[in-house]
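Morning, everyone. Please have a look at the model on the screen, and then I'll walk you through it.

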Amino acid sequence: MTFNDIFKSDFLEKVSSFSILDICIGVLFAFAIGLFIFFVYKKTFKGVLYSHSFGICLVAMTMITTTIIMAVTSNVILSLGMVGALSIVRFRTAIKEPLDIAFLFWAIASGIIIGAGLLPLAVLSAVIMGLVLVLFVNKNTANTPYVLVIQCINETVEQSIFQHIISTVKRYQIKSKTISKGNIELAIEISFKNADTQFVNHISNIDGVKSAVLVSYNGEYMS
């Protein structure tokens with residue numbers, strides 16, 4: 001054993017094996033792609049309450065995944081330990097919007113691709129994915145469903161309401177009907193013939209109608 005062997009450090013050798021330039025390029029690319037994902041998320045958000053922290057999480061997740069993949073690809077033993085460590089991680093935050101899952105996987109996938117050194121693939125896939133989301137998510141649908149919630153006092157008033165609905169809307173379907181003493185509550189899914197919502201005002205002016213509320217409906221929440 002020589003004098004150099006005594007002071008030899010595996011940790012220092014691993015530090016010297018990393019290229020500072022490669023690390024900076026990878027992290028900067030991850031930040032740029034993550035920022036692009038964040039802007040696409042902000043542009044296509046259709047939920048009830050926008051979460052700025054979730055957008056920042058997309059940027060951070062892209063960068064974190066990149067650093068993990070860069071570390072894993074440099075050491076086989078580390079990759080096995082990383083799999084074991086990540087397998088015990090559990091996330092308790094509920095995902096309220098189905099589209100948010102796509103953004104999470106997009107951020108993770110971009111981090112993996114950048115960490116593997118496939119920078120052209122990361123950039124091209126990000127551009128294509130961003131265009132697809134902007135075009136399809138922001139596309140206005142002609143048959144956007146709405147839910148009309150009405151409270152009235154008796155069946156006679158209810159019949160008058162349905163006569164007005166039939167002559168005004170394109171399609172309707174009763175979702176629920178709740179009856180209590182002196183009160184009938186109806187939840188009706190409707191599709192407009194046009195964008196005019198003045199018929200709700202006419203329904204509210206019918207004698208015996210207590211209230212009429214119109215809300216947009218996408219199957220997950222009302223807004």
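I'll take the helix packing, then one threonine, then the sheet.

Some ground rules. This is a predicted model: local features need pLDDT of at least 70, side-chain atom pairs count only at pLDDT 80 or more, and totals for chains, interfaces and linings use all residues. Residues are numbered from 1 along each chain as its sequence is written, and side-chain values use heavy atoms, with hydrogens and water left out. Helices (H or I, at least four residues) and strands (E, at least two) are DSSP runs, numbered from the N terminus.

Start with helix α6, residues 98-115, and helix α7, residues 119-137. Their axes come within 9 Å and cross at roughly 165°. Axes here are lines fitted to C-alpha atoms, for helices over the stretch in contact, and angles run from 0 to 180 degrees between N-to-C directions. So α6 and α7 are roughly antiparallel, the term for angles over 145 degrees. The crossing is left-handed, meaning the near helix is turned anticlockwise from the far one by less than a right angle; clockwise would be right-handed. Who touches whom? On α6, the contact residues include F103, W106 and I114; on α7, they include L121, M129 and L133. Contact means heavy atoms within 4.5 Å. The residues of this contact divide into 12 nonpolar, two polar and no charged. Nonpolar is Ala, Val, Leu, Ile, Met, Phe, Trp, Tyr, Cys and Pro; charged is Asp, Glu, Lys and Arg; the others, Gly among them, are polar.

Now the other partner of α6. Helix α3, residues 20-44, packs with α6 at about 165°, axes 10 Å apart. They are therefore roughly antiparallel too. This crossing is right-handed. Among the residues in contact are F29, I33 and F36 of α3, with D100, F103 and W106 of α6.

Next, T66, in helix α4, residues 52-74. Is T66 buried or exposed? Buried, because its relative accessible area is 0%; the cut-offs are under 20% for buried, over 50% for exposed, and partly exposed in between, with a 1.4 Å probe and protein chains only. Leaving aside neighbours within four places in sequence, T66 contacts G26, A30, G111, I114 and G115.

Last, the sheet. It is open, with four strands in the order β2-β3-β1-β4 and antiparallel pairing. Pairing needs at least two DSSP bridges. The edges are β2, 171-180, and β4, 209-216. Twist averages 15° from one strand to the next. Nine bridges join β2 to β3, residues 183-191. Q173 stands opposite E189 in β3.

Note on methods:
Parallel < 35°, antiparallel > 145°, perpendicular 65-115°, else oblique.
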